[in-house]
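Hello,

Here is the structure I promised to pass on to you. Have a look at it first, and then read my notes below.

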Amino acid sequence: MPDPDLATPTAVHLQQFEAQFKQLFEAAPDAVLVSDQTGRIVLVNAMVSRMFGYDPGELIGAPIEALVPERKRATHVADRAGYYHEPRSRYMGQGIELSALRKDGTEIDVEISLVPMELEEGTRLVVSAVRDISDRKRAERALREREELLSALLDSSPAVIYIKDATGRYLKANRRFQELVHLDSGTIVGKTDRELFNPARAAVFSLHDREVLSTGEAREFDEAAVGDDGERIYLSSKFPLRDAGGQSYALCGILTDITDRKHMEEALERQARDLERSNAELEQFAYVASHDLQEPLRMVASYAQLLARRYGGQLDDDGKDFIEFMVDGARRMQDLINALLAFSRVGTRGKPLVATDINAVVSDVLANLQTAINEADAEITVAKDMPTVNADTTQLGQVFQNLVSNALKFHAAPPPRVDISFQRLDSEVEFVVRDNGIGIEPQYAERIFLLFQRLHTKQDYPGTGIGLAICKKIIERHGGRIWVESTPGQGSAFHFTIPLRAGEGQSGQ
Ligand code: ADP
């Protein structure tokens, strides 16, 4: 029994088929135009009128170029591609993108598929299936514009900027990045760091990338890369790009060249270390030297005294004077050595900084100096409610003691007046010890803080010139500053600051 489906179609079948085919033709989502050999339109479906804005009747007989001015090019392209004469299945759907013209003169983007048809007696028709792709084109154009804007933005930045996908492949590399690696964007995009840099560096980069992508948090790293003039160091800030659902799908990196800054920091650190070392060495030297000098000096002094006692009678006046000069010299040297020892102990014997009540410190100092105060008949005033600061209590007492005793020592016409005050600043407290003494010429304002620098002879004012040097060293150890403001003949004001945060990295708590 023959299969009815495979039976040869009868004329009735063909009529039915034609009717259905016509329906299909009319309902097709594409505009379908059939043109003859001369390019004149012979048949159109309903979609053509809708797409191009004509009445169906208007189009019959019109040249197809009226709708698709570039149709010849489409035919040509189709020809060149070789599918114009191929079995239909090959070229169906392989559209050519062109622009088409509507009746109202507006242009639309279309995709045309051409299907040639051989009819009997060599009649040739061409079926053009036209699809409106304006929306897609518009979206593509908008995307391209956005891409161009992004590139322009990235390229005009002086920083090195790139975007990688979650697997580490470059999606974008701005101009500075391209200059850095001497590769163009086309070569970089799609590659990973392993393909662009040496394995050790690439490993570091991707370690950093992974951290940012896994934590989802922006971070900064120091990354090194080889530039034209050797290795450069970059501050590399990396942050994830997230999709609408908050998922990290890419990573953006911005590199700023900090080589010069880094070198400067390193040089500074080196200098600070050198300075610290040489300071420590100097301190050690001063300590050892002064310590070891004491013994021979004591010997000189005691034998000179012995000489005076035993043989004084046999010496004339000059001889006695000479011995006295010798003893005096030895004593002075002893004072200097003691001063030097005290100076070197500021660094070596310093105690941790602890909360120190300045009221107590100052009242102790005044008690120590009571005799001198009484002798000078001095008038001392102290601000009420002095603060508590973080300090080495003994050393800060030493500072107040040196300043107050100088104020008593370098007094002018009596009565000497000394005033101790303070003011709180943002991050420090400033103390002032003010006197009405002889004052200091401005050109000596810095020098007096140096070791053994004095402005007077021993005869005028006793002293070794170490007091202010010790004060300066102590204050600097606390992270503060010390300076003098003075009007010669009227008095001096010694100012010093103590930071509210501990100096020397010692919290003392
Ligand atoms: P010393 O008091 O042993 O001379 P200092 O280092 O304490 O050493 O002081 C250095 C010099 O600074 C003093 O010799 C003096 O010339 C000057 N000086 C210090 N304090 C005062 C003051 N309150 N008024 C005037 N001059 C001062």
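A polar contact here is a pair of N or O atoms within 3.5 Å; within protein, one must be able to donate a hydrogen and the other to accept it, and residues adjacent in sequence count only if both atoms are side-chain atoms. For N406, the distance from a side-chain N or O atom to a ligand oxygen is 2.8 Å, and a polar backbone atom of T464 is 3.0 Å from an oxygen atom of the ligand. The protein covers 98% of the 520 Å² of accessible area that the ligand has on its own (Shrake-Rupley method, 1.4 Å probe; for residues, only the protein chains shown count as cover).

Please keep in mind that this is a predicted model: local features need pLDDT of at least 70, side-chain atom pairs count only at pLDDT 80 or more, and totals for chains, interfaces and linings use all residues. Residues are numbered from 1 along each chain as its sequence is written, and side-chain values use heavy atoms, leaving out hydrogens and water.

Around the ligand there are 21 residues (one heavy atom within 4 Å of it), and N406, D435, R454, G465 and L468 come nearest. Helix α15 (393-409) is among the elements that supply at least two residues of this shell, and its share, three residues, is the largest (helices are DSSP runs of H or I, at least four residues, numbered from the N terminus).

Elsewhere, F17 is found in helix α1 (residues 11-27). F17 counts as exposed because its relative accessibility is 53%, where exposed means over 50%, buried under 20% and partly exposed in between (1.4 Å probe, protein chains only).

Enjoy exploring!
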